[in-house]
Amino acid sequence: MNDVASLAGVSRGSVSNYINGKKIKLDTQEKIKEAIAALNYIPNATARSLKTSKSNFVVFIVPTVNSPFFSALSYHMQQELQRYGYKMILCNSNNRSEEEIEYIQMANTQKVAGLITMSYAEVSNLIATDIPLVSIEKRVSDKVPLVIADNYAGGQLAAHTLSQLGAKHLLFVSKNPVKNISTIREKSFFDYCNTHGMIADRFIARDIPNFVDDFQEFILAHIQDHQFDYDGIFSDSDEYASDFYNILIREGIKIPNQVQIIGFDGARVYARQKINLSSIKQPTDKIAEKAVEKLLLQFNGDNKNISLDDQTFLPVSFEQGMTTRVIF
C-alpha cells in the first residue's frame with residue numbers, strides 16, 4: 001500500500017480507505033485506481049476481511065455442474081453476485097450429503113458473507129445463525145428464504161401442451177427416487193390429465209448405474225408394428241427425456257410425428273445452441289437474481305420477518321424444440 005500511495009501521490013490512509021470501501025474524493029479514487037493497475041497490486045482478501053469484519057465471498061452449493069441447467073444457473077449467479085461486488089465460491093456436492101455438510105462447515109469456519117444452496121441434505125442445524133442463507137428449490141428451515149420455479153405450473157403446462165398438440169395417450173418417465181421437486185412435477189402432470197379426462201401412465205427406472213437399460217426394455221415391450229403405445233411423453237428432467245428420445249429414434253419411431261416429448265429445465269449448453277428437446281424452461285437468470293436479492297436483504301439486516309411465507313415462485317415457460325409439433 002505504501003508503493004500505491006507513493007505512485008498515486010496520496011496518503012497511505014487514503015489507499016487504505018479506498019481498499020476497504022470507504023468514501024474518498026473522486027479524483028483521489030482515480031489516482032489510486034491507476035496506481036493499483038500500474039503496480040498490479042492485489043489486496044489480500046483474508047486480511048481485508050479481518051480488518052473490516054466483512055467478507056465479500058458467497059458460497060454457492062449445487063448438486064452438480066455437469067448439466068446445462070446447473071451450469072447456466074452457476075453462470076448467472078456469479079454474474080449477479082459480481083454486480084454487487086461479491087465473489088462466488090462454487091461448490092459441487094456431487095449429490096452427496098457429506099460433501100454438502102463439509103462445504104457448509106467450511107463456510108462457517110471462513111466466515112463468508114453468505115451462502116446460497118441447492119442442498120438436499122438436512123443441513124439447517126449446521127448453518128451458523130450469523131451467516132445469511134438463501135435456499136433454492138428445497139426449503140432448509142422456517143427462517144430461510146426460498147427461491148423456486150413454479151414446478152406445479154410446469155407439469156400442468158407440459159400436459160396441456162401435449163394435449164393441444166394432439167397427444168392422446170401420455171406417459172410420465174423418470175428414475176427412482178422421484179422426490180422433492182420431481183414429485184411436484186409428476187403430481188401436477190397427472191392432476192391435469194385426471195381433470196381433463198386424459199389417459200396417462202408412468203414408468204420409473206430403477207436407481208442403478210445402467211438405469212437407461214430399463215428405459216430400453218420398457219420401450220421395446222411397448223412397440224408393436226413400428227408404433228409406440230404412447231404418443232406423448234413428459235419427464236421431470238431433460239436428461240431422462242433425452243434418454244427416451246434417443247432410444248425411440250434408434251428403434252425407428254419418428255419424433256415428433258409418432259411421439260412427442262417434453263422435458264424439464266430448458267437450458268442450453270451454449271448461447272447459440274439450437275434447441276432439440278422441447279422443454280419446460282426454468283428462468284435461471286431470474287432464479288439467480290432473486291436469490292441474490294434475498295441474500296442482500298439479510299446483509300442489510302432486513303431478515304427479521306423471514307418465515308415460511310417467504311417463498312418466491314418464478315414462472316416457467318414452454319420452450320419449443322424439435323421433439324414436439326409446432327404450435328400455431
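# Reading helix packing, a pocket and backbone exceptions

Me: Where does aspartate 225 lie?

Reply: Aspartate 225 lies in the loop between β8 (223–224) and β9 (227–228); helices (H or I, at least four residues) and strands (E, at least two) are DSSP runs, numbered from the N terminus. Although aspartate 225 is not a glycine, its phi is positive, about 50 degrees. The model is predicted: local features need pLDDT of at least 70, side-chain atom pairs count only at pLDDT 80 or more, and totals for chains, interfaces and linings use all residues. Residues are numbered from 1 along each chain as its sequence is written, and side-chain values use heavy atoms, with hydrogens and water left out.

Me: Which peptide bond involving proline 177 is cis, and what is its omega?

Reply: The cis bond joins asparagine 176 and proline 177, with omega about 0 degrees. Proline 177 is found in the loop between β6 and α8. The bond from isoleucine 255 to proline 256 is also cis, with omega near 10 degrees, and proline 256 is found in the loop between α10 and β11 (260–265).

Me: At what angle do α7 and α8 cross, and is the crossing left-handed or right-handed?

Reply: The axes of α7 (residues 151–164) and α8 (residues 181–195) come within 7 Å and cross at roughly 40 degrees. The two helices are therefore oblique to each other. Their crossing is right-handed; a crossing is left-handed if the near helix is turned anticlockwise from the far one by less than a right angle, and right-handed if clockwise. Among the contact residues are Tyr152 and His160 of α7 and Arg185 and Phe189 of α8. By class, this contact has eight nonpolar, five polar and two charged residues.

Me: How do α5 and α11 cross?

Reply: The axes of α5 and α11 (residues 284–299) come within 8 Å and cross at roughly 45 degrees. These helices are therefore oblique, and their crossing is right-handed.

Me: What volume has the largest pocket, and which residues are closest to its centre?

Reply: On a 1 Å grid over the protein atoms alone, a pocket is an open set of points where a 1.4 Å probe fits, with protein on both sides within 12 Å along at least five of seven lines; lining residues have an atom within 4 Å of a point. The largest pocket has a volume of about 1,200 Å³, a volume being the space filled by probe spheres set on the points, which are joined across faces, edges and corners. Of its 41 lining residues, Phe70, Ser237, Glu239, Tyr240 and Asp265 are the closest to the centre. The largest share of the lining, five residues, comes from α10.

Notes: Axes are lines fitted to C-alpha atoms, for helices over the stretch in contact, and angles run from 0 to 180 degrees between N-to-C directions. Angles under 35 degrees count as roughly parallel, over 145 as roughly antiparallel, 65 to 115 as roughly perpendicular and the rest as oblique. Contact means heavy atoms within 4.5 Å. Ala, Val, Leu, Ile, Met, Phe, Trp, Tyr, Cys and Pro count as nonpolar, Asp, Glu, Lys and Arg as charged, and the others, Gly among them, as polar.
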